[in-house]
Amino acid sequence: MSQIAISATDLSKRYGERMAVSHASFEVSLGTICGFVGPNGSGKTTTMRMLLGLITPTGGSATILGESIASPEKYLHGVGAMIEGPAFYPALTGAENLRVLATLGGFPTDRVQSLLDRVGLGDRADSKYKTYSLGMKQRLGIAAALLPEPKLLVLDEPTNGLDPAGIQEVRELLRALADDGTTVFISSHQLSEIEMISDSLVMLRKGEVIFAGKTQDLLLQQQPTIVARSNNSKDLEKLLKIAKESGHEGSIVNDTVHILGPREWAGAFNKLAFDSGIVLSELSSVLPTLEETFFEMTGDLQ
Amino acid sequence: MTQVFFAEWRKLRRPTLFYGTLASVVGVTALITSLLYLLIDSDQGNSNGGEIINRITLATPHGITIGFSGSAGLLGLVALCVFASQTAQEYTYGTLRNLLVRQPKRLTLLLGKFVSMSVFTLVSVLLSAVLSVAIAFSLAGKADVATDAWTTSAAGSELIHTFINVFLSVIASGTIGMILGLLFRSPISAISIGLAWLMVVENLIAAVVHHSAKWFPGQMITTISSGGDHNASYLYAVIYLAIFLTISFGLVAYLFQRRDVSN
């Protein structure tokens with residue numbers, strides 16, 4: 001069996017003159033968590049809809065669990081999904097909503113209570129959906145996605161509306177699922193969350209894939225920042241000058257100097273500073289976060 | 001298909017919808033059948049459109065079915081509302097995407113929903129028939145209507161025929177509701193357009209344009225429920241509606257299969 005859960009090749013969707021998704025090509029390996037990120041309107045949800053057979057691509061192709069997205073009935077029994085937030089019948093209880101989907105999908109309805117317990121809704125199973133808070137609705141959406149005991153989980157912004165504890169619970173749940181072999185394809189604006197849990201990343205900008213690969217590889221491609229601090233604040237300007245004379249751009253941030261340069265240059269910089277009579281009280285090299293990288297790559301400053 | 005049927009049934013049996021609809025059916029049937037007997041001596045008439053149905057007519061084997069068949073129009077409107085709202089709400093709630101992820105064969109989803117709602121309608125019509133007959137027997141004595149002919153085999157046969165006709169007419173109204181729900185994707189739009197067309201527009205045109213009634217689905221639904229009337233024969237109405245609904249349903253089913261689900 002293929003080790004690829006999702007494979008998209010030149011996948012495109014055009015609405016009139018507008019290309020919502022343009023020649024998107026990427027792969028997601030089985031049993032991994034893949035973050036799907038991009039600014040609002042970059043085509044994430046459209047791509048997910050195409051992968052789930054909800055909309056028809058205008059170009060390209062894709063396979064899910066080895067089956068073409070042209071025949072969604074061949075793979076959707078092994079896929080759980082929550083797209084564009086949770087959507088349920090307001091007058092039905094949380095449990096009854098799940099039973100509707102379980103019956104429709106041919107899954108045992110006795111799975112419902114354990115799933116509600118798993119997402120922390122066990123004690124509100126018999127409350128009507130319309131009485132749920134946003135966070136509870138999100139949890140119900142995740143429970144619905146887990147109904148088929150999926151090989152692939154497609155989640156669109158699953159942590160929207162969750163409190164920090166809820167976000168951590170979802171993170172742990174997704175990690176546990178991935179450890180059990182479930183592939184998770186997750187879009188989120190919580191980039192710190194994505195950075196923490198994702199093994200790989202697909203980044204979109206204006207409908208085009210601008211990065212697809214391992215998260216760590218993306219971060220390592222970025223220029224590290226050398227952060228230097230001196231006890232004497234008057235030395236900061238001198239440190240900046242030393243960096244610039246060595247061909248490195250930098251800036252003063254609060255009481256530190258941030259210099260763009262490879263980790264290996266930090267030692268040389270320390271020596272140059274010492275030779276100039278400056279004793280550094282702190283010197284470190286840090287990689288940019290995914291959030292900083294995202295802004296850098298997408299030009300999005302939301 | 002079976003899975004879709006039972007999933008839809010779970011939604012239909014929720015108390016507010018299930019008992020609410022049955023209460024409407026009880027109300028409509030009780031009102032129309034009761035007025036038939038309570039206003040039997042009224043100069044204003046005791047049936048649809050001020051028509052007077054006298055004791056002689058009511059005392060025939062057919063008489064037992066008149067109250068029930070008179071309820072068909074309003075039962076049809078109830079069915080139209082249920083079919084339209086149950087279909088269109090999948091769009092307004094955004095639940096259609098959940099359903100399609102679990103059942104990607106869109107035609108199967110549509111047919112399963114239709115069959116489920118049809119069974120729900122069958123329960124409603126059955127309740128209406130039983131209630132109407134019970135009210136007829138209980139009020140016949142008070143209205144001085146002879147009931148001897150109502151217990152004959154001819155009356156049984158009339159009742160079965162009327163039941164089939166009413167059921168067909170109510171299902172036809174429901175199908176129109178489902179078609180409108182799929183077309184407009186909003187319960188309010190589907191129901192209001194459906195009711196306005198069937199109750200106002202068709203009747204106005206049919207009253208003004210001679211012989212136009214036989215081209216209108218709402219008018220032909222009435223013809224079926226009454227087993228044929230001055231507008232058209234029963235057979236014509238059945239064939240016309242079968243063709244009209246098959247083509248209309250086929251077109252919206254094609255649209256449903258092809259249309260992107262983007263909400």
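In S5 of chain A, A:Ser68 is the bridge partner of A:Thr63. This pairing belongs to a predicted model. S4(A) and S5(A) run antiparallel and are joined by 2 bridges. Their hairpin has 2 residues between the strands, and A:Leu65 takes a positive phi near 50 degrees there.

**The sheet around S4 and S5 of chain A**

- S4 and S5 belong to an open sheet of 4 strands in chain A, in the order S2-S1-S4-S5.
- The pairing in this sheet is antiparallel.
- Strand S2 (18-29) and strand S5 (67-68) of chain A stand at the edges. Each has a single partner strand, so one side of each is left without a neighbour in the sheet.
- Helix H1 (residues 44-51) of chain A packs on the sheet and touches S1, S2 and S4 of chain A. The direction of H1(A) makes about 115 degrees with that of S1(A).
- Strand S1 (residues 4-15) and strand S4 (residues 59-64) of chain A run antiparallel, joined by 5 bridges.
- A:Ile6 has A:Ile64 as its bridge partner in S4(A).
- A:Ser12 stands opposite A:Gly59, also in S4(A).

- Strand S12 (residues 250-253) and strand S13 (residues 256-260) of chain A are antiparallel, with 4 bridges joining them.
- A:Ile252 pairs with A:Val257, its bridge partner in S13(A).
- The hairpin has 2 residues between the strands. A:Asn254 takes a positive phi near 55 degrees in this hairpin.

**Chain A as a whole**

- Chain A comes to 10 helices and 14 strands.
- Chain A has 302 residues, and 45% of them count as buried.
- Take the contacts in chain A between residues at least 6 apart in sequence: 68% of them join residues at least 24 apart.
- The C-alpha atoms of chain A fill a box of roughly 75 × 45 × 40 Å along the principal axes.

**Helix H2 of chain B**

- H2(B) covers residues 15-38, which makes 24 residues.
- At 1.5 Å a residue, H2(B) should span 34 Å. Its end C-alpha atoms are 32 Å apart, which agrees.
- The buried residues of H2(B) include B:Val25, B:Val28, B:Ile32 and B:Leu36. B:Thr21, B:Thr29, B:Thr33 and B:Tyr37 are buried in H2(B) as well.
- The cover over these buried residues includes helix H4 (63-70), helix H5 (72-92) and helix H7 (106-140) of chain B.

**Helix H9 of chain B**

- H9(B) runs over residues 187-208 and has 22 residues.
- From first C-alpha to last, H9(B) reaches 30 Å, close to the 32 Å expected at 1.5 Å a residue.
- H9(B) has a kink of about 40 degrees, centred on B:Trp197.
- Buried residues in H9(B) are B:Pro187, B:Ala190, B:Ile191, B:Gly194, B:Leu198 and B:Glu202.
- H5, helix H8 (153-184) and helix H10 (217-225) of chain B are among the elements that cover the buried residues of H9(B).

**Positive phi in two loops**

- A:Glu84 is a residue other than glycine with a positive phi, near 55 degrees.
- A:Glu84 is found in the loop between strand S6 (79-82) and helix H2 (94-105) of chain A.
- A:Glu84 counts as partly exposed because it has 15 C-beta neighbours inside 10 Å.
- B:His211 also has a positive phi, near 60 degrees, and is not glycine.
- B:His211 is found in the loop between H9 and H10 of chain B.
- B:His211 has 9 C-beta neighbours inside 10 Å, so it counts as exposed.

**The interface between chains A and B**

- On the two sides, 23 residues of chain B are in contact with 25 residues of chain A.
- Helix H1 (2-12) and helix H6 (96-102) of chain B each supply at least two residues of the side of chain B that touches chain A.
- That side of chain B divides into 9 nonpolar, 7 polar and 7 charged residues.

Notes:
Residues are numbered from 1 along each chain as its sequence is written. Chains are lettered from A and ligands numbered from 1 in the order in which they are written. This is a predicted model: local features need pLDDT of at least 70, side-chain atom pairs count only at pLDDT 80 or more; totals for chains, interfaces and linings use all residues. Two strands pair if DSSP finds at least two bridges between them. Two residues are in contact if their C-beta atoms, placed from the backbone, lie within 7 Å. Axes are lines fitted to C-alpha atoms, for helices over the stretch in contact, and angles run from 0 to 180 degrees between N-to-C directions. A residue is buried if 20 or more other C-beta atoms lie within 10 Å of its own, exposed if 12 or fewer, and partly exposed in between; C-beta atoms are placed from the backbone. The expected span of a helix is 1.5 Å times one less than its number of residues. The bend at a residue is the angle between axes fitted to the seven residues ending there and the seven starting there. Ala, Val, Leu, Ile, Met, Phe, Trp, Tyr, Cys and Pro count as nonpolar, Asp, Glu, Lys and Arg as charged, and the others, Gly among them, as polar.
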